[in-house]
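Here is a briefing on how the parts of this assembly meet. Please look over the sequence and structure before reading on.

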There are 2 protein chains.
Amino acid sequence: MPPDLNLRISPRTVQQETVDKLRQAIFSGLFQPGSRLVESQLCLQLGVSRPSLREALRSLQAERLIEMIPNRGPSIPALSWEEATAIYEVRELLEVEAAGRCASRIPEQQVRELEKSLSAFEQAASSHDSLAQVMTAADFYSIILANCGNPVLEEVHRGLVARISFFRGRSMSLEGRARSSLAEMRDIFEAIAAGDATAARKAARRHLFKAKAAAKMSMDREA
Amino acid sequence: MPPDLNLRISPRTVQQETVDKLRQAIFSGLFQPGSRLVESQLCLQLGVSRPSLREALRSLQAERLIEMIPNRGPSIPALSWEEATAIYEVRELLEVEAAGRCASRIPEQQVRELEKSLSAFEQAASSHDSLAQVMTAADFYSIILANCGNPVLEEVHRGLVARISFFRGRSMSLEGRARSSLAEMRDIFEAIAAGDATAARKAARRHLFKAKAAAKMSMDREA
DNA sequence: TCAACAGGATTGTCTGACATTCTTGCAATC
DNA sequence: GATTGCAAGAATGTCAGACAATCCTGTTGA
């Protein structure tokens with residue numbers, strides 16, 4: 001028997017469901033940044049008791065998806081551009097490394113998966129559904145991260161991306177951003193498929209640089 | 001008035017105290033890796049109610065300092081060497097970057113603080129108090145991370161270091177490790193004080209490489 | 001020897017309660 | 001008119017107690 005085969009079935013608990021539902025709600029932009037979350041309302045909407053809800057909120061707080069100020073309760077953090085920049089910088093560090101590692105170790109079968117997700121993004125890019133664009137782009141990246149050979153790298157990256165999910169929809173809806181994004185992602189894919197780690201790193205860096213610029217542009221326009 | 005001056009006083013809540021106490025207990029090695037934490041016992045020991053304790057546990061779970069399996073409750077994760085390696089790798093990525101940035105932007109006053117903490121480590125290294133060694137070494141690094149100009153980098157790094165705190169005491173108590181650690185840290189300090197980012201990165205990389213090797217050695221000996 | 005089972009221990013979850021703190025609107029004062 | 005002070009209402013922080021579902025363990029029976 002494989003030694004570390006984890007067959008434990010995990011019954012889904014109320015708290016897990018609650019965390020997932022809330023996380024999804026945050027990603028989809030249901031709550032405005034800066035808005036406060038009232039516990040009693042959330043209890044009613046989610047159909048859970050206050051202790052269960054509060055446990056879920058603590059989890060999200062530790063993930064930095066919500067803020068909790070004593071005696072003021074939970075709220076959606078309004079990310080400043082400085083904070084977003086800090087996140088983009090660390091994300092670049094991780095993503096570039098992941099792309100490089102991925103290029104030299106990804107199995108053939110996963111390359112095909114990556115190609116499939118690139119096609120999915122291509123299709124989304126030609127539509128005007130910016131939510132679908134964000135989702136498929138996220139899929140593309142999660143395949144790269146899943147094949148970088150370091151689960152911690154993947155996990156930290158996921159946490160960071162979650163925190164800037166608000167920006168991604170914005171910048172993707174900029175005129176022409178989806179198309180140029182597609183070109184950049186195709187470069188990354190080509191490099192990984194060719195097993196060229198150096199090129200993959202370079203392409204990932206360029207992509208992130210442009211994504212950051214697009215995010216800044218969309219933010220400035222907003223303000 | 002400075003725009004982002006955060007004057008809000010934060011009353012310490014029971015949940016914060018609980019998280020801090022538990023975190024400290026984990027760091028100091030009070031709980032054996034793999035051991036289970038029984039809620040009712042912790043409630044008695046900490047003097048808090050079960051809902052408050054469970055909120056605190058959820059926070060620690062999200063930080064990966066404890067594991068929670070449904071219907072089995074919380075436990076201290078027993079880190080495998082593979083997981084530890086993954087953490088060390090990401091830590092290297094972050095730490096090297098931080099050292100480089102720090103070298104080119106740290107203010108003079110903080111250089112003196114860094115020097116002070118290096119002296120503190122020197123003193124601890126000449127003793128045989130491995131806990132003091134770990135603490136002072138952590139201080140040294142936290143000054144570097146605090147001056148790298150990226151709070152997210154600092155925050156992610158802190159989370160990772162916390163997860164391998166168990167190893168640090170071990171490896172530091174290896175014969176001669178503290179002394180060679182001191183030499184490596186002095187190299188980092190010299191490079192930062194001289195404002196040489198390239199040298200700082202190289203020194204940080206070398207230090208982490210050796211720390212990882214020491215951790216592996218101490219683990220192998222244990223097993 | 002091994003499988004089934006019963007009992008206790010532990011967790012997951014809820015209800016209800018109350019003190020403390022924050023918010024907000026209104027009145028009073030300068 | 002602007003500011004201060006205050007009081008009511010809302011929301012949070014925290015606790016106690018309860019009960020069902022699940023896990024663990026030792027015993028019984030084949």
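**Surfaces and contacts**

The largest share of the surface near DNA strand C comes from α3(A), with three residues. This is a predicted model.

**DNA strand C**

- There are 17 residues around DNA strand C. Those that come nearest are A:T13, A:V14, A:S49, A:S52 and B:G73.
- Chain A gives two or more residues to this surface from each of α1 (14-27) and α3 (50-62).
- By class, the residues of the surface near DNA strand C are six nonpolar, eight polar and three charged.

**DNA strand D**

- Around DNA strand D there are 16 residues. Here A:G73, B:T13, B:V14, B:S49 and B:S52 come nearest.
- The elements that give two or more residues are α1 (14-27) and α3 (50-62) of chain B, along with α2 (39-46) of chain A.
- The surface near DNA strand D has six nonpolar, eight polar and two charged residues.

**Chain A against chain B**

- Contacts link 25 residues of chain A with 25 residues of chain B.
- On the chain A side, α3, α4 (81-103) and α7 (151-163) each give two or more residues.
- That side of chain A divides into 13 nonpolar, six polar and six charged residues.
- How are the two copies related? Chain A superposes on chain B by a rotation of 180 degrees, with 0.0 Å of shift along the axis and an RMSD of 0.0 Å. The copies are therefore related as by a two-fold rotation axis.
- Of the interface residues of chain A, 100% are also interface residues in chain B, so the copies meet through the same surface.

**Domains of chain A**

- Chain A is divided into domain 1, residues 11-75, and domain 2, residues 81-222.
- The centres of domain 1 and domain 2 of chain A, taken over C-alpha atoms, are separated by 27 Å.
- Six residues of domain 1 of chain A are in contact with six residues of domain 2 of chain A.
- On the domain 1 side of chain A, the residues that touch domain 2 are three nonpolar, one polar and two charged.

Conventions. Residues are numbered from 1 along each chain as its sequence is written. Chains are lettered from A and ligands numbered from 1 in the order in which they are written. This is a predicted model: local features need pLDDT of at least 70, side-chain atom pairs count only at pLDDT 80 or more; totals for chains, interfaces and linings use all residues. A residue is near a molecule or strand if its C-beta atom, placed from the backbone, lies within 6 Å of it. Helices (H or I, at least four residues) and strands (E, at least two) are DSSP runs, numbered from the N terminus. Ala, Val, Leu, Ile, Met, Phe, Trp, Tyr, Cys and Pro count as nonpolar, Asp, Glu, Lys and Arg as charged, and the others, Gly among them, as polar. Two residues are in contact if their C-beta atoms, placed from the backbone, lie within 7 Å. Copies are superposed by least squares on the C-alpha atoms of residues with pLDDT of at least 70 in both. Domain bounds come from an automatic or database domain assignment.
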